[in-house]
Amino acid sequence: MRYRKIGNTEMRASVLAFGSWAAGGWMWGGTDEKKALEAIWTAFDHGINFIDTAPVYGFGRSEEIVGKAVREVSRDQVFIATKCGLVWDKKDWPSGKGDFHFYSTDEGYGTGEESDWRVYRYLRPESIRKEVEMSLQRLQTDYIDLLQTHWQDSTSKIEETMGTLLELKAEGKIRAIGVSNVQSDDLDQYFQKGEVDVIQERFSLLDRKIETNGLLEYARRKNMSLLPYSPMCRGLLTGKMSPERKFNPGDRRNYEERFSPENRARVNEKLRRLLPLAEEYGLSIAQLILAWTFSKYEKTHVLCGARNQEQVLENVKAGDTVLSEESIFKIEKIFEDF
Ligand SMILES: NC(=O)c1ccc[n+]([C@@H]2O[C@H](COP(=O)([O-])OP(=O)(O)OC[C@H]3O[C@@H](n4cnc5c(N)ncnc54)[C@H](OP(=O)(O)O)[C@@H]3O)[C@@H](O)[C@H]2O)c1
């Protein structure tokens with residue numbers, strides 16, 4: 001496993017991080033806590049010291065599981081990243097506070113007004129502070145290594161949001177600052193107030209927007225770390241998602257065109273064409289896809305979700321692989337019409 005510094009800080013974290021959204025179950029058709037814990041410990045045993053979570057993943061459940069996992073190891077050996085800015089409420093949330101994001105149930109997306117929960121993007125100072133206190137409790141720790149704004153909120157001023165993050169850093173409650181799901185303009189405003197260490201964005205062979213919308217370039221210019229999320233496109237790019245697979249109720253993949261049986265077959269056909277290259281490197285398809293995700297920027301830490309220890313054991317091997325320029329070109333060529 002390779003390790004590298006986070007942004008301009010002196011903190012080092014593994015290039016592969018354990019993404020614990022699925023561990024919370026919500027939007028993933030449920031979770032098995034025992035398997036999730038085994039998966040996290042397996043990741044730790046194999047050199048992954050970086051774990052990413054968020055309060056909203058399972059409405060606290062993912063953070064609680066991460067807290068239980070970290071309690072069994074030495075706190076200073078683990079780099080914990082969590083987030084703020086997605087809050088959930090029953091039906092009495094005051095209007096004008098935050099941007100409505102979506103309806104939800106305990107299991108996944110809600111269909112409308114009758115749903116139990118409303119999820120809002122909300123980044124006002126008092127809310128961030130409240131969220132951080134809750135996260136610290138669930139994670140059973142007294143500091144968070146990296147706190148990221150999860151989604152941006154048009155009703156909060158970035159200047160004040162960033163001011164609060166800097167205060168939390170000065171107080172020792174957080175050690176680094178990150179942003180997720182941003183535009184370059186938002187970043188300009190964050191940087192007017194202080195330094196951002198990390199940018200977390202969707203990035204995979206099927207989601208390459210950051211290469212053209214200025215965000216990857218921004219990261220390079222500021223020496224920020226890049227945390228690509230959903231690098232395997234939530235399982236679609238592992239070569240193991242058959243068109244026949246049925247997802248559990250609540251699993252978000254039930255509702256997305258990208259996961260239709262026809263599209264799964266189309267993606268699998270492309271992935272089959274990668275087999276000779278994967279064999280050349282002694283990698284599986286999932287490992288080759290993860291290795292590609294590192295190839296664009298030397299300060300990348302790939303956030304990799306896993307449901308069980310078998311998946312972790314497979315994925316972890318990608319943490320040592322560096323692909324040649326020629327191989328990167330071949331991979332991209334096969335997917336150029338996606
Ligand atoms: N900032 C944001 O807005 C944001 C958004 C999304 C994610 N994230 C972060 O990024 C992390 C990773 O993204 P992600 O979990 O969405 O997607 P991902 O890493 O692309 O996919 C993870 C899923 O793929 C399947 N999988 C993983 N390894 C596999 C293997 N070797 N073989 C077969 N299947 C395998 C598992 O699901 P099944 O077994 O159920 O198929 C697993 O839960 C998240 O956990 C979260 O920490 C952040």
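Arg118 lies in strand E8, which spans residues 117–121; strands (E, at least two residues) and helices (H or I, at least four) are DSSP runs numbered from the N terminus. The model is a predicted one, in which local features need pLDDT of at least 70 and side-chain atom pairs count only at pLDDT 80 or more, while totals for chains, interfaces and linings use all residues. Residues are numbered from 1 along each chain as its sequence is written.

Arg118 counts as buried because it has 20 C-beta neighbours inside 10 Å, the class being buried at 20 or more other C-beta atoms within 10 Å, exposed at 12 or fewer and partly exposed in between, with C-beta atoms placed from the backbone. Leaving aside residues up to four places away in sequence, Arg118 touches Trp88, Asp89, Lys91, Trp93, Phe100 and Tyr103; contact requires C-beta atoms, placed from the backbone, within 7 Å.

Helix H4 (residues 158–170) and helix H5 (residues 184–193) have axes that come within 9 Å and cross at roughly 50°. The two helices, H4 and H5, are therefore oblique to each other, as angles under 35 degrees count as roughly parallel, over 145 as roughly antiparallel, 65 to 115 as roughly perpendicular and the rest as oblique. Axes are lines fitted to C-alpha atoms, for helices over the stretch in contact, and angles run from 0 to 180 degrees between N-to-C directions. In this pairing, Ile158, Glu159, Met162, Gly163 and Leu166 of H4 meet Asp186, Gln189, Tyr190 and Lys193 of H5.

Notes:
Two residues are in contact if their C-beta atoms, placed from the backbone, lie within 7 Å.
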